[in-house]
Structure formats: structure tokens, C-alpha cells
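Please keep the structure in view while reading the points below.

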Amino acid sequence: MRITTTIKSLVTAIAAGVCLAGVAQAADTTDVKLGYAGPLTGPQAHYGEDMQNGLLLAIEEANKKGIKLDGKVAKFELNSKDDQADPKTGVTVAQQLVDADVHGILGHFNSGTTIPASQVYHDAGLPQIAMATAPQYTTQGYESAFRMMTSDTQQGAAVGKFIVEDLKAKKVAIIDDRTAYGQGLADEVEKAVKAAGGQIVRREYTNDKANDFTAILTNIKGSAPDAVFFGGLDAQSGPMKKQWVTLGLNVPFLSGEMTRSDTFLKLAGDAAEGTYASLAGVPLDQMPAGKAFLQAYKARFKKDPGVYAPYAYDGAWNMITAMEQAGSSDPEKYLPMLKKLNRKGATSDHIAYDDKGNLKEVSVTMYQVKGGKWEMVKTMVGESK
């Protein structure tokens, strides 16, 4: 009887000790919730997943580092929402993230969802670092808005100059999908082509759900351009390039970073050959910590990263670093640190923001499909203006 009582007492004491240890451990940590919204279903899900994976990799590394915020070890977690690449859904999930009391926003992916959602975050006082490249995102005057990538203004200027000066194309036709991203990039390419002495001989429009471009391409063929630029997604540029070849168009076809993907190569098949695409930054193997990032990403997700993962990774670390420097996850305290951030990341040795939230360092690389693979053609590096 005494033995049984002693055992029960011992078990009770151990249980109490474990409970107290758990309470003490919980008291020594603080949960830091970072919100993410992007397309996680539908035809753009591969973009959203790639971005999300980059964020997760950074957050998991930060948790291993044992960063202290507000006197406690921070436990970072990602609260993900599927905005379906739809502006209305984007605003809805933005409010859901605000209501979930997240400490900062890493997203959205598309410009079309980012821009309307940014007002929700601004009104809530939440810093937002988005992948969105449309100029309008950082021209709204929101001090809470920051980018992960080069803007369309910066990228379009480089592409337009490349078309006229490197490809020697004087007559250019342009197509865009009417999304904030596609139209914005196409508009900037048009400006740059004209500034470089080129002429726009045709401007056509489609949408991000279309798959038949025969009429548009026939009209463009009739204008006899020296090159054609498409602003839009790989889901459209892939079949567009196949129809392009079928119609016998044999001038350079160019697009933006959403086309520089494995999905485009699969959709276009043999017709992908010769296609040009621009991409912010430098090739992964030339990024300062590109090789280390590639190894870490493959070890974690068992596949190669896409275009957006390293920029998402740096975007997450930008926010986490600002929090660490402020010693707090309070947006009011770490926002000033984000504004004056200057750090070495995976994608660049000089990550810093201008007064609008654009990245100060501007680099754009042109790629071309050769032998069924994307190969680097030229990198242009400058500073934001």
C-alpha cells in the first residue's frame, strides 16, 4: 500500500514538474505570426507555392537561430491564405490576416491582388513586403509597402532597351493580358522602346484565361514587326508561342519573368526554342548565396526552386531582420528598421529600400531558350531612380 502511494506521489510530482517546465518554456517564447497570401490553387498555383516555400525556408532557419524579441525567444509561424490570384478574394483574405493578428505581411504575389489588399494592411498599420512588380504598388504613398523584386518600371526599361539596341528591332508589336502585371510591364516596355528610338506598330490585348490567340497573332503578322513582346503569364505565353510557330511568325518573341519558367517550356514544347524572357536579378548560380540557397531548398522540398523562391526567402529575412534589429515584433517599432534596412541576402549583397519601398539595387537578366533550356544572355545592373 505504501509502495503504491509512493509511486503515485512520484508520478504526480513528475507530471507536475513536466507541466511547470512546459509553462516555463512557453513563458520564455513568443509567437510571431507572419501572414502570406498568394495563388495556392488554380493555374498560378506553381507561382504561389514557389513563393511560399521560400518564405517557409527563411522562417524555419530563423526559428533555429533563436532570435529574441521583446525579451523572449521568437517562434515564427506562417499563416497562409489562398487569394486565387483574384483581387476581390485578395481583399477578403487580407482582412482575415489582419483579424488573425499577424505581425507582418509577406505577400501578395500578383500585382492585381497586392494593390487593393495593400490598403487593408496600411489601414491596420501592418508592414507588407510583396512580390508584386506593378509600379502602382509603391506609388500609393503607403509607408508600409515594400518589394521583394525589381519593379515593372525598372524591368520594362531594361527590356525595351534590349529589344531595340541588342536585337536591332525598330518595329515592335506588344500584347498584354490586361492584368495589373501584364499591362503594367507592357506599358513600360512600350515607353522604353520609344525612348530607344523604336516604333510600336501594333498593340493587342487578351486575358489571363485565354488559350486561342490566332486572331491576335494574325493581326500582328500583318503589321510586319521586327519583334513582339507579351506581358502576361506562362499559361498564355506557352500556347501563344505554339500558335506563333504554326502561323509562321519568325521574329523574336519576348516576355517577362512569369514566362521564364519550366511551365512555359512544357506548354510551348519545341516551339519554346528561341524565346526571350526577362527576370529581375541575376541567375541563381551567380547570386551571392545562390548555391547555398539551392542546396537548402532542395534538401527541404526535394526539388529545385522556381524563379520566385529566393526573392521570397530574402523578403522574409528582411522583415525578420528588421524585427531583430528593433528587438520587437511590434510593427510600429520594426517598421523604421525596415525602412533603413541594409543587409546581405541570398539574391544580393546590397538589399536596401528607397523612400518608396522599391529595392535600390536594380538588376535585370535576359534569358533565351536554347536546346529546350533557359540560358542567360545578358545581365544589366543599375540603381533605382
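A cavity is taken here as a set of grid points where a 1.4 Å probe fits but cannot get out, and its volume is the space filled by probe spheres set on those points. With that meaning, the largest cavity of this predicted model holds about 60 Å³ of space. The topics that follow begin with the division of the chain into domains, then turn to the spaces and the backbone.

**Domains and their contact**

- The protein chain is divided into domain 1, made up of 29-150 + 284-353, and domain 2, made up of 153-279 + 366-383, and the C-alpha centres of these two domains lie 29 Å apart.
- To the contact between them, domain 1 contributes 15 residues and domain 2 contributes 15 residues.
- About 1,300 Å² is buried between domain 1 and domain 2, with 60% of that area on carbon and sulfur atoms.
- On the domain 1 side, Y47, T150 and V307 account for 32% of the area buried against domain 2, which is more than any other three residues supply.

**Record annotation**

- An unreviewed UniProt entry places the feature "domain: Leucine-binding protein" at residues 32-372.
- In the model, this span of residues 32-372 is 43% helix and 20% strand, and its end C-alpha atoms lie 43 Å apart.

**The cavity**

- Searching the whole structure gives one cavity of 30 Å³ or more.
- The lining of the largest cavity consists of F109, N110, S111, M131, A132, T133, Y181, E257, M258 and Y308, and by class these residues are six nonpolar, three polar and one charged.
- Because domain 1 (29-150 + 284-353) and domain 2 (153-279 + 366-383) both give residues to this lining, the largest cavity lies between them.

**The largest pocket**

- The largest pocket has a volume of about 850 Å³, and of the 32 residues that line it, R260, D262, P305, G306 and V307 lie nearest its centre.
- At least two lining residues of the largest pocket come from each of helix 2 (45-65), helix 9 (262-268), helix 10 (290-301), helix 11 (309-326) and strand 15 (373-383), and helix 2 gives the most, with five residues.
- The lining of the largest pocket comprises 16 nonpolar, five polar and eleven charged residues, and at least three of its residues are drawn from each of domain 1 and domain 2.
- V307, one of the residues nearest the centre of the largest pocket, is also one of the three named above for the area that domain 1 buries against domain 2.

**Backbone features**

- The peptide bond from G107 to H108 is cis, with omega near 10 degrees, and H108 is found in the loop between strand 4 (104-106) and helix 4 (111-124).
- R178, a residue other than glycine, has a positive phi near 70 degrees, and R178 is found in the loop between strand 7 (171-176) and helix 6 (180-195).

Notes
Residues are numbered from 1 along each chain as its sequence is written. This is a predicted model: local features need pLDDT of at least 70, side-chain atom pairs count only at pLDDT 80 or more; totals for chains, interfaces and linings use all residues. Side-chain values use heavy atoms; hydrogens and water are left out. On a 1 Å grid over the protein atoms alone, a cavity is a set of points where a 1.4 Å probe fits but cannot get out, and a pocket is an open set with protein on both sides within 12 Å along at least five of seven lines; lining residues have an atom within 4 Å of a point. Ala, Val, Leu, Ile, Met, Phe, Trp, Tyr, Cys and Pro count as nonpolar, Asp, Glu, Lys and Arg as charged, and the others, Gly among them, as polar. Domain bounds come from an automatic or database domain assignment. UniProt positions are given in the numbering used here, feature names are shortened, and annotations may be inferred rather than shown by experiment. Helices (H or I, at least four residues) and strands (E, at least two) are DSSP runs, numbered from the N terminus. Contact means heavy atoms within 4.5 Å. Buried area is the accessible area (1.4 Å probe) that two parts lose on being put together, summed over both.
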